[in-house]
Amino acid sequence: MHNPREVYAKRLLERREAAEAIRRIDERWGTLGLWSVSAAAVAFLLILLGKLTPVWLLPPIAAAVAFQILHGRCAARRRPLEFGIRFCEDGLARVEDRWIGKGREGLEFLDPEHPYAADLDLFGRGSLYERLCTTRTRPGEKTLAGWLLAPASPPDIRARQEAVAELRDRFDLREELALLAEDTRTAVNPDELSRWAAEPPGLPRGLRVWAWTVSIVVGVALFLGVKFFALALFLVLLTSWATKPRVARVAELAQRAERELDVLSKVLLRLEREPFASPKLAATRESLRGAAAAVGRLVRIVELLQSARNELVMAILGLFLWRLHVAYALEGWRAKHGASIPGWLEAAGEVDALGALAGYAWERPEDPLPEVVDAGPVYEGEGLGHPLLPERTCVRNDVRLGKAPAVLVVSGSNMSGKSTLLRTVGANAVLAMAGAPVRAKKLRMSILAVGATIRVQDSLQLGTSRFFAEVKRLKQLMDLAKGPRPLLFFLEELLSGTNSHDRQKGAEILVRTFVESGATGLVTTHDLSLAAVADALGERALNVHFDDRIVDGKLVFDYVLKPGPVKGSNALELMRAVGLPV
């Protein structure tokens, strides 16, 4: 098994040494270039004084040009090395758990009404998305977020797992694709490209016949004399005036699209050339076949449009309605390939997202890909740990859920690890159903709809209490439980906003309703009376707990899950620890 830290450190050292060697060479070229320019200045001064002939300017000028060319080549060689340095530095930060605040948080994908995104820390600073997201394209970012927000089907998950396993060890390919896509995140706007591709034709078809007729008339008029040419010129001016706004709009939109697609085409071309064995990657490559060549044709058409910027050339080509003909060529390209653009973007985004999961898998070689089964509900995790916790502080536990037990009632004192357990089980479920490795020794699970009440809170703006917000979320989870997939629920301090009698009775009814609908999950509480909920459900529920102990006057937690309900509480000890007179 490879050591990610050692590989990153070794490659980082190699790239730094190579970049430094090129920098030293470039520094020499710069010094020689400066001397060449100085020599040219001296020669020019001596020529003015009549001491030398002008021919003496040629050697220093030629040398200065040569050294400038060599400088440009050094810069081109340094760019991939400098990117490689950043690539390895970022990788080292991730494997050394220094990644928080350095990546993309994905807050634009966070919906407050989503049944688990906020509860399981999917987005934001220090989130699962920030840890996973090494994508370089906007479609890749969007695709990865979508995979975290909704479970895939078992065949799709297995296909992603095969692709991740294939890309995992292709370190050089992932780095090369990241380099090629370096500019796409800022340069490519997928929504704008898709809108441009779907726009109705900007020029009427019949006008194209008229444009060719006028161009032919101009060509003939050049040989027939001034009178005929004056008539042809009038037709040209009239046509140009009538079509100028439409041609300008077609040209502007096409040039913007060309700039974006030209950046993306480098990634598309690289993917077209790569042999893939996994069916998903092979199918994606086939869907991109010809994409780079098509974009190349668009680039050439736009270059034709830009070639008429010189005033003299524009005047000559304008006689033959050059811009109008090129605009029709652009519209023809869009009619032929525009419908394919969303597919190209989606395919590039999928490979980008798969590359992010593969990079995560490579950086965590001890994390396995889970086994996904068709029948459920099943969740059997051995040695589960939270994927966002450093390995040195991560305490692992076994969790088994299904039809019996369908519910674990987790009791324990404050800060003992109850909430972390819920997030551990939930985050690994999300990773598994996205096609990613999980932080566990082993995980076997079916496809489950996930819902949680971990971060439910009141809202001053909406005028809702925490209890009302929790009730609304519970209704949302009830609706999910009626769907085609069994529900995996995470209920923290269930109904804590009401009195003990109503809380115990309501909690028992809610948990029983969830279980009878085929759902499975965990309920946490530090209220010992709620431990009776498990007793009421018989073999379908199980009491487990976290405990603590006092060592030298301090509370100590081991975060190890134990059978049965908790026996005591640490609330008074915690209050005393902060200086309250209790």
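This is a predicted model: local features need pLDDT of at least 70, side-chain atom pairs count only at pLDDT 80 or more; totals for chains, interfaces and linings use all residues.
Biologist: What share of the contacts with a separation of 6 or more comes from residues 24 or more positions apart?
Modeller: A contact here means heavy atoms within 4.5 Å. Among contacts in the chain with a separation of 6 or more, the share from residues 24 or more positions apart is 77%.

Biologist: How much of the accessible surface of the chain belongs to carbon and sulfur atoms?
Modeller: The accessible surface of the chain comes to about 28800 Å². The part that belongs to carbon and sulfur atoms is 60%.

Biologist: What is the distance between the end C-alpha atoms of helix H14?
Modeller: Helix H14 takes in residues 322-337, which is 16 residues. At 1.5 Å a residue it should span 22 Å. The model agrees with this, because the end C-alpha atoms are apart by 22 Å.

Biologist: Which residues of H14 are buried?
Modeller: To count as buried, a residue must have under 20% relative accessible area. In H14 the buried residues are Leu324, His325, Val326, Ala327, Tyr328, Leu330, Glu331, Trp333, Arg334 and His337.

Biologist: How many disulfides does the structure hold?
Modeller: Cysteine 88 is buried, at a relative accessible area of 0%. Cysteine 133 is buried too, at 6%. As for disulfides, the number in the structure is 0.

Biologist: Is threonine 135 buried or exposed?
Modeller: Threonine 135 sits in the loop between helix H3 (128-132) and helix H4 (138-149). Leaving aside neighbours within four places in sequence, threonine 135 is in contact with Arg104, Gly140, Glu141, Leu144, Asp352, Ala353 and Ala356. Its relative accessibility is 0%, so threonine 135 counts as buried.

Biologist: Which residue meets aspartate 119 in a salt bridge?
Modeller: The whole structure has 37 salt bridges. In the one with aspartate 119, the N to O distance is 3.0 Å and the partner is arginine 473.

Biologist: How many residues apart are aspartate 119 and arginine 473?
Modeller: Both aspartate 119 and arginine 473 are buried. Aspartate 119 is in the loop between helix H2 (58-95) and H3, while arginine 473 is in helix H17 (residues 466-481).

Biologist: Which residues are linked with Arg170 in a network of salt bridges?
Modeller: Arginine 170 forms a salt bridge with glutamate 166, with the closest N and O atoms 2.8 Å apart. Arginine 170 is partly exposed at 24% relative accessible area, whereas glutamate 166 counts as buried at 15%. The network links Arg170 with Glu166, Glu176, Arg270 and Glu274.

Note on methods. Residues are numbered from 1 along each chain as its sequence is written. Side-chain values use heavy atoms; hydrogens and water are left out. Accessible areas come from the Shrake-Rupley method with a 1.4 Å probe; for residues, only the protein chains shown count as cover. Helices (H or I, at least four residues) and strands (E, at least two) are DSSP runs, numbered from the N terminus. The expected span of a helix is 1.5 Å times one less than its number of residues. Buried means under 20% relative accessible area, exposed over 50%, partly exposed in between (1.4 Å probe, protein chains only). A disulfide is a pair of cysteine sulfur atoms within 2.5 Å. A salt bridge is a side-chain nitrogen of Lys or Arg within 4 Å of a carboxyl oxygen of Asp or Glu.
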